[in-house]
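Reader: I am new to this structure. Could you take me through it in plain terms?

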Amino acid sequence: MTRADVKSFLSEEETEITNQYLKKGFYQGPSKNMSSLSWIRSTFLEIIKQELNITTDIDTESIFDLIHQTVSVVELNQFRLKVIQRINENPDFRKHYYQIAKPYLDILVGNELAMQVKVNLSIQLPNDDSSLLPTHADTWSGDSPFELVLWVPLVNCYKTKSMYILPPNENDKLDINFKEMAGDHSEDLYESIKNKVTWIEIDYGNILIFNNSLPHGNRVNKESETRWSMNCRFKSIFTPYWDKKLGSFFEPITLRAASINGMNYKLPKLT
Amino acid sequence: MGESCHQSTQNLVLRDYCVRMNYKYLLSGTEYSISNSYLMLKQIVNEIPKVKGIVCYSVFQMPENFEIRIKLINKILEKNGELHFALENIIIAHKSDIDKVENIWLVTKTMKDCIVSIYQD
């Protein structure tokens, strides 16, 4: 089946979303569950206040965007790890994360899903070159191409405060000329694709779902605000796993009755 | 189910898990390499409640046979013990925790009958 040529029983809306994802390498749309997204942002806010000993009321928008006024580059990773560890410990967190984009995931992956065990958090302070994610595709480091990434911003993301992705048609050219274009290190690779990548412009309240086998990454945030975004991988349960295994990296979250019966089925015996 | 790595690496993972969970790490038990042997595991199960629980390297080191596996888990729970899996960060402390592990087991077992690789030219 060729890209953007899905002929099936999908509805018009499902076909539109599917074709956009296949053609652009990502789909961007409004969250389908704003109360879950608000729950996540409020929970983050409480954790941040506790970690930074803030007792007064604060403006939600500015605490995220302007966290660099409180947390230094040196303190950042420790702070980030603490925050993400604490929110991952909340048993409701991943349920809400899934709910944010459930209808899109149903369309693009299916409704019998495996979800990454831990959601990741990126905090990118202005002018911080210590939190850079060089150009990479997740499949180059052990992720299965049957996965996709649900990327959720907690702030409005634009220009270098956001991330970039290489569209599928450009990735095809990269695949053919990979040796020449990749050069000696990842910066060479970025240089060779930097005029081809799509920079994502996305506001809080929206979600991004992208193909993790396409090269993506970020650059030094040259804007005046900090980027906060979460990312988590989803895949259909019964598709190939590469290095990121079921149990340690993924867990089934929506096993369906027919599969449960099937997995437990044994033919009757005559003897 | 064949999830294994060198014993010294397993010990590192177990030690790190116990430090993170604030548990006292006792000398690790090593299962005999005889196929389908769970003699050492059963021996350690018998030590509960003298020890609070057992930390295994991975879920997939448990017996492949469902009846044997469930019997062992139930025995640990009946003795008020806990079963931990360091690699997966999963704890079975109550009967309600069993399903999560069993689902991982069943899916992994079923994956042998599913597509497991992608077409290469």
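**A walk through chains A and B**

Author: A:N53 is exposed, at a relative accessible area of 67%; exposed means over 50%, buried under 20%, and partly exposed in between, with a 1.4 Å probe and protein chains only. This is a predicted model, in which local features need pLDDT of at least 70 and side-chain atom pairs count only at pLDDT 80 or more, while totals for chains, interfaces and linings use all residues. Residues are numbered from 1 along each chain as its sequence is written, chains are lettered from A and ligands numbered from 1 in the order in which they are written, and side-chain values use heavy atoms, without hydrogens and water.

Reader: Where is A:N53 found?

Author: A:N53 sits in the loop between helix 2 (34–51) and helix 3 (60–65) of chain A. Helices (H or I, at least four residues) and strands (E, at least two) are DSSP runs, numbered from the N terminus. A:N53 is not a glycine, yet its phi is positive, at about 55°.

Reader: And B:N89, what is its phi near?

Author: Phi of B:N89 is near 55°, again a positive value in a residue other than glycine. B:N89 belongs to the loop between strand 2 and strand 3 (90–92) of chain B, and counts as partly exposed at 35% relative accessibility.

Reader: Which residues does the cis peptide bond join?

Author: The cis peptide bond joins B:I48 and B:P49, with omega about 15°. B:P49 is in the loop between helix 2 (39–46) and strand 1 of chain B.

Reader: Now chain A: is A:S229 buried or exposed?

Author: A:S229 is buried, with a relative accessible area of 0%. A:S229 is part of strand 9 (residues 227–236) of chain A. Not counting residues up to four places away in sequence, A:S229 touches several residues, including A:N120, A:W151 and A:P153; contact means heavy atoms within 4.5 Å.

Reader: Finally, how many residues does each chain give to the contact?

Author: Chain B gives 18 residues and chain A gives 17 residues. The area buried between the chains is about 1400 Å², with 75% from carbon and sulfur atoms; buried area is the accessible area (1.4 Å probe) that two parts lose on being put together, summed over both. B:L106, B:V107 and B:I118 supply 32% of the area that chain B buries against chain A, more than any other three residues.

Reader: Which side chains meet in a salt bridge?

Author: The side chains of B:K100 and A:E251 do, at 3.4 Å, N to O. A salt bridge is a side-chain nitrogen of Lys or Arg within 4 Å of a carboxyl oxygen of Asp or Glu. Helix 4 (residues 98–110) of chain B gives the largest share of the side of chain B that touches chain A, seven residues.
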